Amino acid sequence: MASPKVNEALAQVQSSADPASSFESLLDNLQSLSTPQTVSNDLNAIIDAILNPQSSSKLGVVAQRALLGRFITTVRSFNNADLWVDAGSHALAALSTSSAGGSADASTTSASSAGTFLDQAAALRELVADGYETNEEHVSAARALSEIPLDSSQRRVTAEDRVRIWVRIVRNYLEVDDTTAAETYLNKLKNVIYQVSDPTLNLHFRLSQARIQDAKREFLPASQQYHDISLSSAAIGEDERLHTLSMAVKCAILAPAGPLRSRALGRLFKDERSPALPEFGMLEKMFFDRLLAPAEVQKFAESLAPHQLAITADGSTVLARAVVEHNLLGASRLYSNIGIDSLGALLGLDPDRAEDTTAKMIEQGRLVGRIDQIERIIWFEGGEASGEKGSGRAEVTVGKEMRRWDANIQSLTEEVENVTNALQREFPDFVAANLVI
């Protein structure tokens, strides 16, 4: 029920010779006529009066559109998120049931009103979405925004308008970790973002894309996106740049071990801002293929988001798998060969899982080596893996280890001979007295 003052004002509007001006005056003075307890009912009564059939015949469509715009401005002036939602939702319901032409058929009525007030309905839905966002009801906000008509031939919509709405929808869904719904609208964005030059919208698009890749565990492309954003010329603060760089480092660390990750780690390690990050110690050890201690891994895990600590199909976390693969790569730099049981102890895994992990990395081209299952020994080959599937399998050459041993002995004897020749040139008397040549 509206307050007595507003009811009195509405009665005067109905008898006024110029109802449009009277409605505008009422909306302009509403803050002085209403109270916080009655403002919601007062606004609902005003919008009902503007859209009822009797007023429609007096005002006309053009005046009603202008009054709806003034109504939205008045609602926003109260700076109350709950009021935005309540008043906006009531106005949308009133629009859907009003009849611009006095039709008795409900479906005809709704379609007629929707076609007449498309821009105003879109503004009301944005008002409702703003209220939901302020109250952190992100799913409701995304749903309100998704109902805004963006492809209607009856309403002029630019590419920038579409991108602005879709970016908001994507960000709202990401706030509740609904990456599936967010990706649906991100795919729509990809078809029109190239037409938009606004740097802020482009930045939000790239950041949303990186967050979705991160959530889908596509860590390498996510790391690349985050790093590019941290280097972009867009108007973002230094703290935001460092936070984005930190996200790039985390994604690179969580990525599958191999040549692609090594290049990503190298790019981030050489960034002059990286030493200021808490994750730099972990980044440095990863880059130089040093083995990671459990205490370091636990400290790094405390800074990760929940989805980055999710359990994978094999029962381990994303971080645990990344650390195991990294330590296996580090072990390949230290040893020419190692027993499967010893490797399991080094990695903190049972021997069978250590063998399975090694076989998978060799098969995927992320590690060069071979497994002797009879002797239960893993042989690591020198050189960098190519990253191509199947390229990590080393050829078994007959007598290869013996030839390598012979080559090492030959190299040692040549060095001894070089030292002896140098002594003969510099200290011939000492050589004659003490060495047998």
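**Salt bridges, helix packing and surface features**

Glu175 is partly exposed, with 45% relative accessible area, in this predicted model. Its side chain meets that of Arg211 in a salt bridge with an N to O distance of 4.0 Å. Because Glu175 belongs to helix α11 and Arg211 to helix α13 (residues 199–215), the pair ties together parts that are 36 residues apart in sequence. Arg211 is likewise partly exposed, at a relative accessible area of 30%.

Across the whole structure, 17 salt bridges were found. One of the pairs joins Arg366 to Glu325, with 2.9 Å between the closest N and O atoms. Arg366 is located in the loop between α21 (351–363) and β2, whereas Glu325 lies in helix α19, so this contact links parts 41 residues apart in sequence. Both Arg366 and Glu325 are buried. In the pair formed by Lys216 and Glu218, the closest N and O atoms are 3.5 Å apart; Lys216 is partly exposed at 35% relative accessibility, and Glu218 is partly exposed at 33%. A network of salt bridges links Arg76, Glu126, Asp130, Glu133, Arg164 and Arg168.

Helix α11 (residues 159–175) packs with helix α12 (residues 179–190) at an angle of about 160°, their axes being 8 Å apart. The two helices, α11 and α12, are therefore roughly antiparallel, and α11 passes α12 in a left-handed crossing.

On the surface, Leu291, Leu334, Tyr335 and Leu346 form a nonpolar patch with about 340 Å² of accessible area together. Tyr335 is situated in the loop between α19 (318–334) and β1 (337–339) and is partly exposed, at 37% relative accessibility.

Key. Residues are numbered from 1 along each chain as its sequence is written. This is a predicted model: local features need pLDDT of at least 70, side-chain atom pairs count only at pLDDT 80 or more; totals for chains, interfaces and linings use all residues. Side-chain values use heavy atoms; hydrogens and water are left out. Patches are made of residues with over 30% relative accessible area and no salt bridge: like charges are joined within 9 Å, nonpolar side chains (Val, Leu, Ile, Met, Phe, Trp, Tyr) within 5 Å. Accessible areas come from the Shrake-Rupley method with a 1.4 Å probe; for residues, only the protein chains shown count as cover. Helices (H or I, at least four residues) and strands (E, at least two) are DSSP runs, numbered from the N terminus. Buried means under 20% relative accessible area, exposed over 50%, partly exposed in between (1.4 Å probe, protein chains only). Axes are lines fitted to C-alpha atoms, for helices over the stretch in contact, and angles run from 0 to 180 degrees between N-to-C directions. Angles under 35 degrees count as roughly parallel, over 145 as roughly antiparallel, 65 to 115 as roughly perpendicular and the rest as oblique. A crossing is left-handed if the near helix is turned anticlockwise from the far one by less than a right angle, and right-handed if clockwise.
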